[in-house]
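Thanks for coming, everyone. I'll walk through one model today, chain by chain, and then look at where the pieces touch.

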Amino acid sequence: MRKLILSAVTAAGLFASSGVALANTGGEPLMKPGFSWEGFFGRYDQAQLKRGFEVFNQVCSNCHGLRLVAYRNLSAVGLTAEEIKEVAAAREIADVPNDEGVISMRAGRPADKYIGPFPNDKAAAAANGGALPPDLSLMAKARVGGPNYIYSLMQGFLDEAPHGVVLPDGKSYNKYFPGNAIGMPPQLFDDLVTYADGTKASPQQMAADISAFLNWAAEPELNERKSLGLKVMIFLAVFTAMLYALKRQIWKNIH
Amino acid sequence: MSGFQTNNKVISWLDERLPIFSMMQHSAIEYPTPRNLNYWWNFGSLAAFVLVVMLLTGIFLVMNYSSHTSLAFDSVERIMRDVNYGWLIRYLHMNGASMFFILVYIHMFRNLYYGSYKAPREVLWWVGIIIYLAMMATGFLGYVLPWGQMSFWGATVITNLFSAFPVVGQSIVTLLWGGFSVDNPTLNRFFSLHYLLPFVIVGLVVVHVWALHTVRSNNPLGVEMKGEADSIPFHPYYTIKDLFGIGLFLMFFLAFVFWAPNFFGEPDNYIPANPMVTPPHIVPEWYYLPFYAILRSFTMDLWIIPAKLQGVVAMFAAILILFFLPWLDTSKVRSAKFRPIYRQFFWLFLVDCLVLGYVGGKPAEEPLVTIGQLGTAYYFAHFLIIMPLLGKLEKPKPLPASISAAVLKEKA
């Protein structure tokens with residue numbers, strides 16, 4: 001057993017070194033609000049996901065897409081079938097050619113992926129001073145720090161660039177953005193949205209909610225993954241203990 | 001092939017014509033194994049187990065993957081979101097690759113510690129190195145398939161290494177790419193080879209086990225089995241011990257799959273590949289980092305040899321030098337247990353590899369460049385200077401007369 005523990009420690013050392021090696025070196029350390037889905041038993045808070053969706057749908061989605069999430073998936077954040085139809089129908093998408101070969105626009109349906117605000121990336125960049133607002137489907141996995149990065153970024157704007165820093169036209173200063181000059185202006189102000197559940201919409205609250213929603217968008221399987229993991233681990237713990245007992249029994253005469 | 005007997009007429013009919021049952025009896029049940037193997041000897045069977053996991057999960061992933069540049073990224077996301085338990089299969093495959101390398105690295109360092117590469121196990125060791133090379137190729141090819149930013153730029157950087165070779169370099173790169181940049185033909189041939197190579201590895205594993213069963217296992221004492229008292233049959237002793245190891249390993253492996261599935265990954269690979277945007281810091285997968293550090297530690301052109309070529313040659317040499325280890329190590333004693341000075345150099349070498357791995361994952365800035373260069377120098381010095389000299393200078397401790405003698409002495 002001593003050898004086993006030693007092996008575990010060696011392996012842990014290997015990971016620690018690789019983990020350090022992979023971590024990016026950033027400037028300002030990220031804020032960490034402590035999200036509900038962190039830790040061994042952590043799960044998404046559905047009420048928070050729904051609030052986050054409200055912010056996304058009313059604010060973020062004016063510039064950002066969410067092309068990997070289908071409207072039907074929104075039942076997981078607590079939308080009813082009727083609400084999903086309503087949200088989907090708010091935007092139009094090109095239909096398949098009809099029998100005359102004419103392509104017309106139709107309202108979105110629950111089976112569609114979330115319809116973005118712009119017909120293509122060029123149009124999106126042109127409407128945003130040349131900077132393409134990135135699709136947010138995987139944002140919580142595609143940045144070092146994930147949801148903490150989103151949470152920090154949304155609150156990391158300074159009214160003025162620090163002394164001596166010259167910002168290009170149309171850029172804002174953000175403490176957490178690589179290079180600090182970000183195309184997106186500050187977004188979150190008190191009562192920017194009115195939450196259906198009556199929660200006070202402070203910038204901090206909205207930043208946390210949108211981070212939660214985007215984390216769900218990137219890892220919709222998280223709840224299912226962790227709950228399956230728990231069952232698998234309990235099984236394996238019992239199974240491995242039995243194997244160990246059997247091993248002891250079989251090896252009794254050798255040792 | 002003596003011990004196999006059965007009353008079942010069908011089985012004995014078959015066995016007389018194709019002796020699979022006799023063979024299993026001979027090589028998986030009666031196979032004499034040293035009685036003193038410790039848990040470090042579990043890692044070979046664990047690696048074989050992970051190979052099977054990788055093959056199975058890989059086959060199911062392919063059923064839903066599209067190897068076209070315009071579809072690859074989204075097809076992986078479809079697996080993650082819409083395929084039943086697709087997220088589980090993909091995370092098993094993704095983390096399984098890292099697990100495979102962790103297990104194989106432990107397996108290799110165990111081999112270095114106990115001197116298992118020495119006569120008569122040189123060919124067994126060679127086949128192992130070839131498996132490792134095939135794994136590195138497979139891992140690299142597989143990392144390109146999701147077609148994220150790190151897939152694309154990793155592929156660009158690594159394939160470009162071959163351009164360092166004079167005269168033929170650029171032609172090799174064009175051949176690898178199937179064109180003049182990393183693009184759809186590259187992805188297609190990488191996918192094809194990523195599916196092929198694991199089966200090559202399976203074949204190599206068969207040869208590895210064949211060689212093993214010819215020369216038998218080394219053991220922590222490093223003295224050969226001499227009589228019946230030194231060995232025990234593989235079954236049930238090592239079948240149960242290996243199964244117990246698999247249980248422990250699965251808990252370790254699945255902890256990552258279920259709770260930290262992206263621990264070994266790079267966030268950049270969740271951004272679709274974009275040839276127009278270079279990530280600020282391109283790193284290969286963690287298991288290549290020590291070699292990446294060796295590659296980058298050559299920074300000065302020498303006469304007509306450019307730094308890049310030196311680095312590439314050094315990187316390949318760092319692996320190929322392992323083939324010569326059985327002769328570079330001049331000591332007659334296998335196990336570090338009886339080599340007090342080698343034992344310390346073994347740990348130094350392990351630390352050196354970890355330091356190189358750390359340096360390989362960081363941007364090339366001082367003081368890391370110098371540390372990487374020192375680490376590289378030490379890496380080669382370990383094989384070319386320390387190992388040959390140590391065998392001559394070191395005075396090993398006395399070896400036990402036999403395995404059973406040592407085991408009985410320990411018990412008393």
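In chain A, take the contacts between residues at least 6 apart in sequence: 62% of them join residues at least 24 apart. By contact I mean two residues whose C-beta atoms, placed from the backbone, lie within 7 Å. Before I go further, this is a predicted model: local features need pLDDT of at least 70, side-chain atom pairs count only at pLDDT 80 or more, and totals for chains, interfaces and linings use all residues. Residues are numbered from 1 along each chain as its sequence is written, and chains are lettered from A and ligands numbered from 1 in the order in which they are written.

Okay, staying with chain A. You'll find eight helices and five strands there, and along the sequence they run α-α-α-β-β-α-α-α-β-β-β-α-α. Of its 255 residues, 30% count as buried. Buried here is 20 or more other C-beta atoms within 10 Å of the residue's own, exposed is 12 or fewer, and partly exposed is in between, again with C-beta atoms placed from the backbone.

Chain A is split into domain 1 (28–69 + 113–220) and domain 2 (225–255), with bounds that come from an automatic or database domain assignment. How far apart are the centres of the two domains of chain A? Over C-alpha atoms, 44 Å separate them.

There's also a UniProt annotation, from an unreviewed entry, that calls residues 228–246 of chain A a "transmembrane region". A caution on those: UniProt positions are in the numbering used here, feature names are shortened, and annotations may be inferred rather than shown by experiment. In the model, residues 228–246 of chain A are 100% helix and 0% strand, and the end C-alpha atoms lie 27 Å apart.

On to chain B. It has 16 helices and two strands. The radius of gyration of chain B, taken over C-alpha atoms, is 24 Å, close to the 22 Å from the globule rule for 412 residues, so chain B is as compact as a globular protein of that length. That rule is 2.2 Å times the number of residues to the power 0.38. The C-alpha trace of chain B spans about 70 × 60 × 40 Å along its principal axes. Buried residues make up 42% of the 412 in chain B, and among its contacts with a separation of 6 or more, 76% are between residues 24 or more positions apart.

UniProt, again in an unreviewed entry, puts a "Cytochrome b/b6 N-terminal region profile" domain on residues 10–221 of chain B. That span is 72% helix and 1% strand.

Now the cores. A nonpolar core is a set of buried Ala, Val, Leu, Ile, Met, Phe, Trp, Tyr and Cys residues joined through C-beta atoms within 7 Å. Which residues touch the most other members of the largest one? Out of its 77 residues, they are Leu46(B), Ala47(B), Val50(B), Phe100(B) and Leu103(B). The largest share of this core, 15 residues, is from α5(B), and at least three residues come from each of domain 1 and domain 2 of chain B. Zooming in on Val50(B), and skipping neighbours within four places in sequence, its contacts are Gly96(B), Met99(B), Phe100(B) and Leu103(B).

Last stop, where the chains meet. In total, 36 residues of chain A are in contact with 38 residues of chain B. On the chain A side, the elements giving two or more residues are α1 (2–22), α5 (139–142) and α8 (222–251), and the largest share, 15 residues, comes from α8(A).

Definitions and conventions
Helix = DSSP H or I, 4+ residues; strand = E, 2+ residues; numbered from the N terminus.
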